[in-house]
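I opened a new structure today and kept notes on what I looked up. Here it is, followed by my entries.

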Amino acid sequence: MVNILVVDDHSLMRRAVREVVEKESDLSVVAEASNGQEAELQAAETQPDVILMDVDMPDCNGFEATERVLACSPNSRVVIFTANHQEQHLFQAIQKGAMGYITKDIEPEALVHALRCAARNDLCIPGAFASQVLTHLRSLWKSPATYANLLGSTAAVSYRTPRRPTSTHEPSEPSLDPQTAPSTATPRPLTDRERQILDLMRKGRKNREIAGELCIAESTVHKHVQNIFEKLHARNRTEAIYLTSVES
């Protein structure tokens with residue numbers, strides 16, 4: 001069962017989402033929240049599999065709330081749920097740790113699909129944004145400043161350590177430090193082993209699972225993952241997967 005937290009400041013929207021979700025035998029709404037503070041409290045208490053996060057809320061926006069809920073519920077996957085169609089917000093969502101970005105004019109079946117994708121640790125972005133996303137991602141190969149421009153702030157190029165579940169012994173995977181980040185976004189080729197590990201990352205495998213499948217030490221997998229990030233100039237798994245999808 002996929003447990004879902006619905007965060008939206010409109011009770012009617014929360015009710016509509018609940019009605020759609022609870023028609024599915026494998027999905028369940030375990031909690032609701034009307035603002036970022038409530039979302040943080042509910043996420044800490046319920047540890048949901050997926051958090052459907054509104055962007056426009058009174059006390060803090062959905063991007064800030066995403067950081068808050070992931071800090072107290074690191075195993076959760078956030079899907080941004082918004083009426084806003086600005087592609088810039090999609091990149092903000094990814095940068096804050098979201099696994100998906102969908103708009104409120106979405107069909108019920110597509111909403112359910114997005115929630116299931118997030119639960120599987122699969123990325124989910126609206127088809128309407130696909131070409132724009134690919135165009136912008138291709139530009140990352142040319143200039144590291146492009147990503148900052150997409151977010152409208154130089155803070156976008158700050159590199160931070162992705163959150164990792166505290167319940168496992170898997171070491172966190174540090175991203176590139178802003179002081180040591182390469183001056184060019186031109187990627188370096190991956191080795192066969194690194195590509196093999198990247199393929200497993202794309203399937204949602206964690207370091208321990210990858211180590212088991214490849215019969216190698218977990219510390220070795222961790223080192224390979226670091227190398228992948230450095231070679232692709234990616235800050236986390238999400239960006240590494242995006243960038244290599246563009247490449248292929």
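Before anything else, a word on names: helices here are DSSP runs of H or I at least four residues long, numbered from the N terminus. I also note that this is a predicted model.

**Entry 1: Ala 211**

I started with Ala 211, which sits in helix H9, residues 207–214. Is Ala 211 buried or exposed? I found a relative accessibility of 7%. Buried means under 20%, so Ala 211 counts as buried.

Next I asked what Ala 211 touches. Leaving out residues up to four places away in sequence, I listed Ile 216, Ala 217, Glu 218 and Val 221. I also checked Ile 197, which is 14 residues from Ala 211 along the chain. The C-alpha atoms of these two are separated by 9.2 Å.

**Entry 2: the two sides of H1**

Then I moved to helix H1, residues 11–21. Which residues of H1 are buried? I noted Arg 14, Val 17, Val 20 and Val 21. Looking down the axis of H1, I saw these buried residues fall within an arc of 125 degrees, so they line one face of the helix. I jotted down a reminder that an α-helix has 3.6 residues a turn, so residues three or four places apart point the same way. On the other side of H1, I found Leu 12 and Arg 15 exposed.

What covers the buried residues of H1? My list includes strands E1 (2–7), E2 (27–33), E3 (50–54) and E4 (77–82), along with helix H5 (108–119).

**Entry 3: H1 against H5**

I followed up on H5. The axes of H1 and H5 come within 10 Å and cross at roughly 80 degrees. That makes H1 roughly perpendicular to H5. From H1, the contact uses Val 17, Val 20 and Val 21; from H5, it uses Pro 108, Leu 111, Val 112 and Leu 115. I sorted the contact residues by type and got seven nonpolar, no polar and no charged.

**Entry 4: H2 against H3**

Last, I looked at helix H2 (residues 36–46) and helix H3 (residues 62–72). Their axes are 8 Å apart, and the packing angle is about 20 degrees. I therefore wrote H2 down as roughly parallel to H3. The crossing of H2 and H3 is right-handed.

Which residues make this contact? H2 brings Gly 36, Gln 37, Ala 39, Glu 40, Ala 43 and Ala 44, and H3 brings Ala 65, Arg 68, Val 69 and Cys 72. Sorted by type, the residues of the contact of H2 with H3 come to six nonpolar, two polar and two charged.

Terms used
Residues numbered from 1 in each chain as written. Predicted model: local features only at pLDDT ≥ 70, side-chain atom pairs only at ≥ 80, totals over all residues. Heavy atoms only, no water. Buried < 20%, exposed > 50% of the residue type's maximum accessible area, 1.4 Å probe, protein only. Arc of directions from axis to C-beta. Contact = heavy atoms within 4.5 Å. Axes fitted to C-alpha atoms, helices over the stretch in contact; angles between N-to-C directions. Parallel < 35°, antiparallel > 145°, perpendicular 65-115°, else oblique. Nonpolar A, V, L, I, M, F, W, Y, C, P; charged D, E, K, R; others polar. Left-handed = near helix turned anticlockwise from the far one by under 90°.
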